[in-house]
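Open the model in your viewer and keep the sequence panel beside it. This tour says what to select at each stop and what is there.

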Amino acid sequence: MQSQCILSIQTPLGPPVEIIRHTFLPAQSAKPAKRVSLVAGLHGDELEGLYICHRLMETLKNLEEQNAFKGEVHIYPAVNPQALETGTRLWPFFSVDINRTFGETNALSLVTEASRTLLEDLKSNSDLVVDFHASNLPLMELPQIRIIKDFEKKLVPLAKLCNVDLVWVHPHAEIFESTLGYNLNQAKVPTLVIESGICLRIHKNYCDQIILGILNLLRQTGTIDSGEPLAEVAPPRLVQPDYVAMIQAQNAGLFVKQAEVGQMLKEGDKIGDLIGPDQVREEIRSPCFGLLFTLREHPLTGKGAPLARIATEKPFKP
Ligand SMILES: [Zn+2]
């Protein structure tokens, strides 16, 4: 494994801001079969990607000793180092979401310099990218890959190899245009965005599941070949845009859950209670049959806030 610093910026206080890339290369210098890059930590409070990269690097070091690399693997485990140091979603001092600055050409700042450097480095080193995210603080997510409808044809077959519970194809929205995933896909570098768990925590089961999926992806794309039989990977549930029921709070209050993500729900099954300031209790029940894949964890709930998402069997009309 070789490690290289792709960006280093001296700060007025303390050590420089550095983004490091770790690279595994094939033993022979022949043209590599495939170049796969794994990116984690765009949001500094999402720790599962960092843990997944750590675990994968251990495994890949062993595979390197067995000369198992046919292609290249590049790992960028902490691409927003200052946010990671403070455990915050946003880049501190500027309060900027780095994953809303990709593809920007006019605004010049430390954050855009980092996002531009990362994007260019990924474009020149990758045939395929996986971008790891955990959920934000309010919501727990079942391991899933989210795909913008325009990129569905190319990405769904790759997403099926990753051992996630579901692959959610959703419509395009303008807000995605400044993300890393969108810009790489636009530049014809297929990029999968994995979302799982919740920020500031590590869900070991989910991480184990995704690690198995990434090793399967590396094997199936011919990037590594250890000669051992492939581990069994479960096919995900493919969810099209009309097949998601979103439940939002009708009132502000405290949400107390009574279900867990991954549960199959029937119409009328209880998901939780929303307790209002006047002690009125609103029972939150499933409007349909389906798989509960998003669930509110943070009790403090504003009016209109998301409480749950359910992958349905039939097109859902609220
Ligand atoms: Zn994120």
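In the hairpin of E13 and E14, which residue takes a positive phi? Select the five residues between the two strands: Gln 279 is the one, with phi near 70 degrees.

Before going on, note how to read the model. Residues are numbered from 1 along each chain as its sequence is written. The model is predicted: local features need pLDDT of at least 70, side-chain atom pairs count only at pLDDT 80 or more, and totals for chains, interfaces and linings use all residues.

**Stop 1: the hairpin and its sheet**

Select residues 270-275, strand E13, and residues 281-285, strand E14. They pair in the antiparallel sense over five bridges; two strands count as paired if DSSP finds at least two bridges between them.

E11 and E13 run antiparallel and are joined by four bridges. Lys 257 is opposite Gly 272 in E13.

Which strands make up the open sheet, and in what order? Four strands form it, in the order E14-E13-E11-E16, with antiparallel pairing. E14 and strand E16 (300-301) stand at the edges with a single partner strand each, so one side of each has no neighbour in the sheet.

**Stop 2: the whole chain**

Clear the selection and zoom out. The protein chain has six helices and 17 strands. Its C-alpha atoms fill a box of roughly 65 × 50 × 30 Å along the principal axes. A compact globule of 318 residues would have a radius of gyration near 20 Å, and the chain has 20 Å, which agrees. That radius is taken over C-alpha atoms, and the globule rule is 2.2 Å times the number of residues to the power 0.38.

Buried residues make up 41% of the 318 residues. A residue is buried if 20 or more other C-beta atoms lie within 10 Å of its own, exposed if 12 or fewer, and partly exposed in between, with C-beta atoms placed from the backbone.

**Stop 3: two domains**

Colour residues 2-237 as domain 1 and residues 242-312 as domain 2. These bounds come from an automatic or database domain assignment. The C-alpha centres of the two domains lie 30 Å apart. Eleven residues of domain 1 are in contact with eleven residues of domain 2, where contact means that C-beta atoms, placed from the backbone, lie within 7 Å. Strand E6 (residues 139-148) gives the most to the domain 1 side, with five residues.

Next select Pro 241, in the loop between strand E9 (237-239) and strand E10 (244-248). Is Pro 241 buried or exposed? With 11 C-beta neighbours inside 10 Å, Pro 241 counts as exposed. Leaving out residues up to four places away in sequence, Pro 241 touches Lys 149, Val 169, His 170 and Pro 171.

**Stop 4: the core**

The largest nonpolar core has 78 residues. Such a core is a set of buried Ala, Val, Leu, Ile, Met, Phe, Trp, Tyr and Cys residues joined through C-beta atoms within 7 Å. Select Ile 145, Cys 162, Ile 194 and Ile 214, which have the most contacts inside this core. Helix H6 (residues 204-220) gives the most to this core, with seven residues. At least three residues come from each of domain 1 and domain 2.

Centre on Ile 194. Beyond four places away in sequence, Ile 194 touches Val 130, Phe 132, His 133, Pro 143, Ile 145, Cys 162, Val 164 and Ile 210.

**Stop 5: two loop residues**

Select Asn 163, in the loop between helix H4 (152-159) and strand E7 (166-170). Phi of Asn 163 is positive, near 65 degrees, and Asn 163 is buried, with 22 C-beta neighbours inside 10 Å.

Finish at Leu 200, in the loop between strand E8 (191-197) and H6. Phi of Leu 200 is also positive, near 65 degrees. Leu 200 is partly exposed, with 15 other C-beta atoms within 10 Å.

How values were computed: Contact = placed C-beta atoms within 7 Å.
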